[in-house]
Amino acid sequence: MILGVIGINACKILVIVGFVSINSDTEVTAVAEGSAYDIVTEADKGSERIILDFIHSRFPDHAILSEESGDDHRHARCQWIIDPLDGTVNYSAGLATYCISIGLKVAGETRMGYVYAPTLDEEFWAVKGKGAYGPYGRPQAKGKNEVQRA
């Protein structure tokens, strides 16, 4: 459980610094485009840079896989998985539905994940073996037996 608490707290800090970067960019500037749905903005790059700097300074022996810069190909026991601006198309269109997503793998096993939706001021997290949580407590299944009815 200690790893889960440390990981969640680290994720919260990472998200805060990433969010500050996203908010500091008042103008949305696309820096790369693969298609209409695959863009990278200055906010993506800025958020990623701050999050990566934070991880490197606090967890220098950890590996990182980030959407923008890819896999650092380090063979480490712990690996952070980062999407510094999940929902870039929405963000660039001025829509409120985007977030910062961070996960942590230990020895190849996903142990925890944390998502923060800044414009909604909502956070969601899960720790392996401890369940998932959101702003209204633990998410509940709808009780449907068929995917089409869920």
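The side chains of Ser-66 and Glu-48 are joined by a polar contact of 2.5 Å (a pair of N or O atoms within 3.5 Å; within protein, one must be able to donate a hydrogen and the other to accept it, and residues adjacent in sequence count only if both atoms are side-chain atoms). The model is predicted: local features need pLDDT of at least 70, side-chain atom pairs count only at pLDDT 80 or more, and totals for chains, interfaces and linings use all residues. Residues are numbered from 1 along each chain as its sequence is written, and side-chain values use heavy atoms, with hydrogens and water left out.

Ser-66 lies in strand β3 (residues 63–66); strands (E, at least two residues) and helices (H or I, at least four) are DSSP runs numbered from the N terminus. Ser-66 counts as buried because its relative accessibility is 3%, where buried means under 20% relative accessible area, exposed over 50% and partly exposed in between (1.4 Å probe, protein chains only). Beyond neighbours within four places in sequence, Ser-66 is in contact (heavy atoms within 4.5 Å) with Glu-48, Leu-52, Ile-82 and Pro-84.

Glu-48 is among the buried residues of α2, as are Ile-51, Leu-52 and Ile-55.

| Helix α2 | Value |
|---|---|
| Residues | 42–58 (17 residues) |

The expected span is 1.5 Å times one less than the number of residues.

The open sheet has 7 strands in the order β4-β3-β5-β6-β7-β8-β9, with mixed pairing; two strands pair if DSSP finds at least two bridges between them. β6 and β7 pair in the antiparallel sense over 7 bridges.
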